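Please walk me through this structure in plain terms. I would like to see how the parts of each chain are arranged and where the chains meet.

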Amino acid sequence: MNVVTANGLWKFFGDYPALRDINFEVESGACHAVLGRNGAGKTTLLRILAGLSKATRGDVRILGGDIRHPDTRRRIGILGHGIAIYDELSAIENLRLFARLYGLPHPDRSAQEWLELTGLKHVSDGLVREFSRGMRQRLAIARAFIHTPDVLLLDEPFTALDDRAMAVLQNLLRRELNRGCTVLMSTHQIREAMELATHAVLINRGRLAYAGLRTAEMLSDPNWLYKNYGDS
Amino acid sequence: MTEFFRQSLSITVKDLRLEMRSKEALNASLSFALVILLLFSFAFDPSSEHTREISGGLLWLVFAFAGVLVLNRSFARELPNDCLEALVASPVSGAALFLGKALANFILLMALELLCLPVFGIFYNVNWTAQFWNLLLVLALATWGLTVIGTTFSALTVNLRLRELMLPVLVYPMMIPALMAAMELTTHLIAGQPLSADLWLWLRLLIGFDIIFTALALALIEVVLVS
């Protein structure tokens, strides 16, 4: 079953086409690494899939439904460039807020569990503005995963993570994939992404250059995809 | 429906908690309101009959100017760390998000107005308590109107660099009918007059304004947030 379907996606910023006729499908339980140089259109694509931006042309279906429908959004987890947590709230208040917004039956229990999973239990009542960068990143991961989503959309999730946050994210991603969650992540950290990915997608200047299985060559040589499908 | 209100309430509590911790909007707007009340009291003779006749207008000018400082922060406080994106991507509908934010703004503005009223009474030598409950009703209705318009335009201007300037430019012209009604009603109520048939017309105007703009805002906010 296809969890994500993108048909003929175009996105213009003014006259500039940031995405040009993107077509691809993501099967349930797959992990797609979306690669591309800076400005290739990875973030634009993920923002459209997340319902944060509208495609100029084309159609996106996630879990068979409209991305802006609350029932669809309830099943999607998003980790974007920003950590999307409030500096003036404590760690537990942040997680409890998002647990409530996603309609979880026991917001407090869920928040406590995710603080434990991300190693932040000891600072649960501390204000986020007092946290180190790594702690904030781990809290952002907990915020994105707390409602056990069926689809995870991650925009450069490994960027600027400290080693502990990186380990937390990789472990949680493996756990989510084992559970059957579908993952789409844009990244420049090709090696880390390829270890988890079942599929690879390469975007060159808004065009889809490759969409298919992640092969052994891609794992052994992180630049293999760029060398064979990338533009010079 | 229950979920809609639960989500709205979560947003309201979150916004009030953030404001109580930072106090940035409330401190700025309260200081501004008190300074303007003080300056106006120098400009007009508090003992003259003319000043009492325009007291409702003066009061609402202060509330409108100071209120915009609170409304400006409504969506702007979601910008650090891209929190607005997480809210838009969550299953919270635009209408629930709007209602939650509008309720938080309403509570903050009402608190500001109730703090300003005694100061106004002292500076302008008026007994504003004579028709207190009617005055409270007018304050609530006009403040809700200001809140609805302000919260909508706060969402619309949140990504503009000049949003602090743009918000009042957009809000004040839209608020003219509600401000006219609020000024007229407040002036009479402060003078101790009960709600007469003439004043009921103004009150109906306020109620109609609130209903129309609340419905419009709830219907259109999703488009504003995603685009």
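Predicted model: local features only at pLDDT ≥ 70, side-chain atom pairs only at ≥ 80, totals over all residues.

Residues are numbered from 1 along each chain as its sequence is written, and chains are lettered from A and ligands numbered from 1 in the order in which they are written.

Chain B has nine helices and zero strands; helices (H or I, at least four residues) and strands (E, at least two) are DSSP runs, numbered from the N terminus. Read from the N terminus, its elements therefore run α-α-α-α-α-α-α-α-α. The radius of gyration of chain B is 18 Å, close to the 17 Å that the globule rule gives for 227 residues, so chain B is as compact as a globular protein of that length. That radius is taken over C-alpha atoms, and the rule is 2.2 Å times the number of residues to the power 0.38. Along its principal axes, the C-alpha trace of chain B spans about 55 × 35 × 25 Å. Of the 227 residues in chain B, 45% are buried. A residue is buried if 20 or more other C-beta atoms lie within 10 Å of its own, exposed if 12 or fewer, and partly exposed in between, with C-beta atoms placed from the backbone. Among contacts in chain B with a separation of 6 or more, 87% are between residues 24 or more positions apart; two residues are in contact if their C-beta atoms, placed from the backbone, lie within 7 Å.

Chain A contains an open sheet of six strands with mixed pairing, in the order S5-S6-S7-S3-S8-S9. Two strands pair if DSSP finds at least two bridges between them. Strand S5 (76-79) and strand S9 (207-213) of chain A are the edges, each pairing on one side only. Strands of a sheet pair through backbone hydrogen bonds, either parallel or antiparallel. Both senses can be followed here. Strand S6 (residues 151-155) and strand S7 (residues 182-186) of chain A run parallel and are joined by five bridges, with A:Leu152 opposite A:Val183. Strand S8 (residues 199-204) of chain A pairs with S9(A) in the antiparallel sense over six bridges, and A:His199 stands opposite A:Leu213. S8(A) and S9(A) form a hairpin with two residues between them, and A:Arg205 in the turn has a positive phi of about 45°.

A:Pro149 lies in the loop between helix H5 (133-145) and S6 of chain A. Why does A:Pro149 count as buried? The reason is that A:Pro149 has 20 other C-beta atoms within 10 Å. Leaving out residues up to four places away in sequence, A:Pro149 touches A:Arg75, A:Ile76, A:Gly77 and A:Cys181.

Where the chains meet, the contact takes 23 residues from chain B and 25 residues from chain A. On the chain B side, helix H1 (2-22) and helix H5 (83-89) are the elements that give two or more residues, and H1(B) gives the largest share, nine residues.

The largest nonpolar core has 146 residues, and those with the most contacts inside it include A:Leu95 and B:Ala178. Such a core is a set of buried Ala, Val, Leu, Ile, Met, Phe, Trp, Tyr and Cys residues joined through C-beta atoms within 7 Å. Helix H6 (residues 94-123) of chain B gives the largest share of this core, 14 residues.
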